[in-house]
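Hi everyone, thanks for coming. Could you all bring up the sequence and the model on your screens before I start?

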Amino acid sequence: TTYANLDNWTPSDCVIPSELRFGDDSNPNAYTSWNMPKDEGFSELDRWILSELNQLISKMTENLESWHLPYAAEGVEQFVEDLSNWYVRRSRRRFWKTEGDKDKNAAYSTLYTCLTTLSRLLAPFAPFIAEMMYRNLVADRVDSSPDSVHLTSWPKSNKSLIDEDAMNRGRLAIRLASLGRSARAQSRLKVRQPLAEFVAEVRHDWEHFALVEIEQILKEELNVKTVRNASEIGGLMGFDIKPNLRLLGPKYGKRIGEIRLALQLADATEIAKTCEANETISIGEFKLEPDEVIIERVALDDYAVATDAGYAGAVLTIISDELKSEGTAREIVRVIQNLRKSSGLEISDRINLWIMCSEEVTESLQVHSDYIAEETLAGTLELGAMLSDDALGGSATEIINIDDDIKITVTLEKA
């Protein structure tokens with residue numbers, strides 16, 4: 001609501017109709033007969049969450065009418081998770097940008113519709129929380145609206161807004177983004193450090209096509225430059241083939257060393273396929289049965305891999321100088337944003353900014369100066385600045401230790 005208040009956005013600006021009052025259930029209301037216009041700025045993200053919302057309405061109605069209360073409550077819980085941790089987070093830049101346009105209004109309208117509908121869906125399970133949400137969003141803001149959420153009608157689903165393809169793409173993006181973050185965590189790489197590539201391994205044929213459509217989402221979520229399909233590099237997991245000494249020792253004796261070397265030189269993927277087909281493995285002069293070798297799955301070199309339910313995601317852990325510089329810029333932005341908050345500045349306040357660092361770091365950050373200024377609302381930015389202790393004492397200042405040998409000092413004041 002902070003950004004909506006700054007923009008003076010009100011429910012009357014919402015382009016999605018609402019229907020709160022009781023009426024004839026046999027007739028469609030303003031919401032259920034509404035079709036999403038193509039010229040009002042609605043994005044793929046809006047289509048996805050509205051699709052999830054209307055499917056939730058349908059499933060909750062069905063579960064409640066069948067007295068399956070736990071299933072109904074479970075659906076609300078998952079929707080709240082998706083709304084807060086995916087939709088709102090991914091829409092933040094749309095809310096935050098200064099210009100008011102159709103894209104921003106579509107985001108506000110979509111979120112407002114989700115929250116007001118959610119208050120009505122929550123009413124049977126959490127009556128007081130639902131009432132608080134409703135009064136804050138509707139009763140105190142919309143003239144002639146019912147006084148309480150418990151006096152509103154139960155929401156009806158708009159079937160035309162349920163897009164199975166959009167929901168499937170959204171679910172795939174959430175799953176792969178989660179795997180990417182897990183892979184990052186394994187390699188102890190900071191979230192703000194850009195990486196060269198993310199490689200995804202999917203299970204179903206349609207997901208190979210969907211991966212292309214969600215590529216930009218994954219780039220933004222995982223802070224990577226490229227997204228690749230694991231099929232392009234023969235899969236994310238390689239094979240380590242070893243001789244089964246228990247079986248081969250008595251059979252070949254001292255020649256085990258020759259077999260081990262032959263297995264190392266052979267194509268591990270082909271041997272794995274041969275074993276899976278339960279066929280004899282031929283390597284040089286040796287003929288081995290499938291149970292006479294041990295096959296282990298191993299991650300590719302220079303990649304951190306995470307897997308779940310047949311899906312896999314990997315990030316390339318090699319960081320170039322350019323990527324490291326960009327990561328430093330993002331870390332500086334994070335520190336400045338925290339410094340703005342601790343200094344009591346308003347979200348919309350502009351600042352004067354000084355960044356004190358070595359000549360080498362200054363040079364590497366020059367290319368990111370516009371990004372730093374834009375993200376922090378800096379009217380003026382001086383890289384490589386030199387300020388006296390007196391100047392530092394009168395301004396908000398913080399020191400950043402990027403590495404053991406890199407120290408950066410940022411200082412800001414309200415413009």
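What you see is a predicted model, so local features need pLDDT of at least 70 and side-chain atom pairs count only at pLDDT 80 or more, while totals for chains, interfaces and linings use all residues. Residues are numbered from 1 along each chain as its sequence is written, and side-chain values use heavy atoms, with hydrogens and water left out.

Let's start with the largest pocket. Its volume is about 1700 Å³. Grid points are joined across faces, edges and corners, and a volume is the space filled by probe spheres set on the points.

The largest pocket has 38 lining residues, and nearest its centre are Arg 89, Arg 92, Arg 93, Tyr 371 and Glu 375. The elements that contribute two or more residues to this lining are α2 (44-65), α3, α8 (215-222), β2 (224-229), α12 and α14 (369-376). By elements I mean DSSP runs numbered from the N terminus: helices are H or I with at least four residues, strands are E with at least two. Which helix gives the largest share of that lining? That is α12, with eight residues.

While we're on helix α12 (residues 321-342), have a look at Gly 327, which lies in it. Gly 327 counts as buried because its relative accessibility is 8%. The cut-offs are under 20% relative accessible area for buried, over 50% for exposed, and partly exposed in between, with a 1.4 Å probe and protein chains only. The C-alpha atom of Gly 327 is 9.0 Å from that of Leu 195, although the two are 132 residues apart along the chain.

On to charges. There are 28 salt bridges, taking one as a side-chain nitrogen of Lys or Arg within 4 Å of a carboxyl oxygen of Asp or Glu. I picked a few for today.

One joins Asp 7 and Lys 104, at 2.9 Å from N to O. Asp 7 sits in the loop between α1 (2-6) and α2, and Lys 104 in helix α4, so this pair ties together parts that are 97 residues apart in sequence. Asp 7 is partly exposed at 32%, whereas Lys 104 is buried at 3%.

Another joins Glu 213 and Arg 169, at 3.7 Å from N to O. Glu 213 is in helix α7 (residues 205-213) and Arg 169 in helix α6 (residues 164-186), so the pair ties together parts 44 residues apart in sequence. Glu 213 counts as exposed at 51%, and Arg 169 is buried at 14%.

Then there is Lys 251 with Glu 292, where the closest N and O atoms are 3.2 Å apart. Lys 251 is in helix α9 (residues 245-252) and Glu 292 in the loop between β5 (286-288) and β6 (293-299), 41 residues apart. Finally, salt bridges that share partners join Arg 89, Arg 90, Arg 181, Glu 220 and Glu 221 into one network. Arg 89 is also among the residues nearest the centre of the largest pocket.

What about disulfides? The structure holds zero, with the cut-off being a pair of cysteine sulfur atoms within 2.5 Å.

Note on methods: 1 Å grid on protein atoms, 1.4 Å probe; cavity = no way out; pocket = protein on both sides within 12 Å on 5 of 7 lines; lining within 4 Å.
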